[in-house]
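Please view the sequence and the structure before reading on.

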Amino acid sequence: MDIASRNHVTVIGNPQGPTVVLAHGFGCDQNMWRLTVPALVDDYRVVLFDHVGSGRSDVSAFDKERYASLDGYARDVVEVCEALELRDAVFVGHSVSAMIGVLAAGLAPERIGALVMVAPSPRYIDDEGYRGGFSAEDIDELLASLEANYLGWSAAMAPVIMGNADRPELGDELRNSFCATDPDMARVFARTTFLSDSRDDLKGVSVPTLVLECTQDAIAPREVGAFVHQAIPGSTLVTLDATGHCPHLSAPEATNRAVVDFLASL
């Protein structure tokens with residue numbers, strides 16, 4: 001299979017520059033990075049892609065078993081990196097893709113040389129001594145609602161996830177993105193995302209890592225950012241002056257500044 005078409009891979013920017021891979025979160029696609037790309041293309045080679053089942057990926061490549069764990073998505077990332085012959089790329093992952101990047105770096109350390117984790121969460125469900133932001137019952141209800149009526153769930157949840165109630169157009173964009181995703185594939189990705197537990201994987205991260213959190217985030221509260229930062233040796237935690245779970249859309253200037261500063265430090 002052609003990996004580039006499977007994941008609708010796009011390569012832009014400075015071909016001589018270091019490579020930055022941008023990975024979108026659940027229910028989104030590479031277009032969600034459109035406000036970040038201009039800050040990078042002069043100095044960096046930028047790789048964008050869609051997870052299988054999202055955006056303009058090849059939906060015929062969707063495999064329920066492969067994508068029932070984050071490892072399947074991580075293997076896709078490694079295959080994209082191999083197809084492009086990337087070495088020491090900086091992987092920027094939003095939300096669940098932050099953890100996919102952690103797994104991919106573990107699978108192919110020569111391919112990924114640094115991580116930027118935008119609003120990451122290694123586990124969404126609260127546990128003893130850990131606050132993920134949701135009870136097990138919350139997640140069961142969320143998944144049941146999503147599976148019963150995906151379009152209705154998208155309309156209800158997108159504004160909550162996006163935050164910024166004073167800018168409803170942001171929530172509308174996220175809802176439209178959710179609604180453009182195949183519901184059957186979204187159900188699989190949602191289960192994989194919200195039931196995942198990648199906490200132990202954080203300890204194995206040995207590359208320079210930037211953790212970006214927002215001051216208010218309904219999906220990944222501040223305790224989660226602190227946990228990720230503490231779990232990854234030598235990581236940097238930056239709290240953006242931003243609300244919601246998608247700061248690259250709601251506060252692109254602050255997000256881009258933090259990313260570019262980190263890239264310059266490498």
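The model is predicted. Its largest pocket has a volume of about 180 Å³, and the structure holds 0 disulfides.

**The largest pocket**
- The lining consists of V102, L103, A105, G106, P109, I112, L115, D201, G204, V205, S206 and V207.
- Two elements, α3 (96-107) and β5 (112-118), each contribute two or more residues to this lining.
- The greatest contribution comes from α3, with 4 residues.

- Of the 12 residues in α3, 10 are buried, so the helix is mostly covered.
- The buried residues of α3 are V96, S97, A98, M99, I100, G101, V102, L103, A104 and A105.
- The end C-alpha atoms of α3 are 17 Å apart, which agrees with the 16 Å that its 12 residues should span at 1.5 Å a residue.

**The cysteines**
- A disulfide requires two cysteine sulfur atoms within 2.5 Å.
- For C179, the closest cysteine sulfur belongs to C28 and lies 12 Å away, which is too far for a bond.
- C179 is partly exposed, as its relative accessible area is 33%.
- For C214, the closest cysteine sulfur is that of C246, at 8.5 Å, and this is also too far for a bond.
- C214 counts as buried because its relative accessibility is 1%, and buried means under 20%.

Key:
Residues are numbered from 1 along each chain as its sequence is written. This is a predicted model: local features need pLDDT of at least 70, side-chain atom pairs count only at pLDDT 80 or more; totals for chains, interfaces and linings use all residues. Side-chain values use heavy atoms; hydrogens and water are left out. On a 1 Å grid over the protein atoms alone, a cavity is a set of points where a 1.4 Å probe fits but cannot get out, and a pocket is an open set with protein on both sides within 12 Å along at least five of seven lines; lining residues have an atom within 4 Å of a point. Grid points are joined across faces, edges and corners, and a volume is the space filled by probe spheres set on the points. The expected span of a helix is 1.5 Å times one less than its number of residues. Buried means under 20% relative accessible area, exposed over 50%, partly exposed in between (1.4 Å probe, protein chains only).
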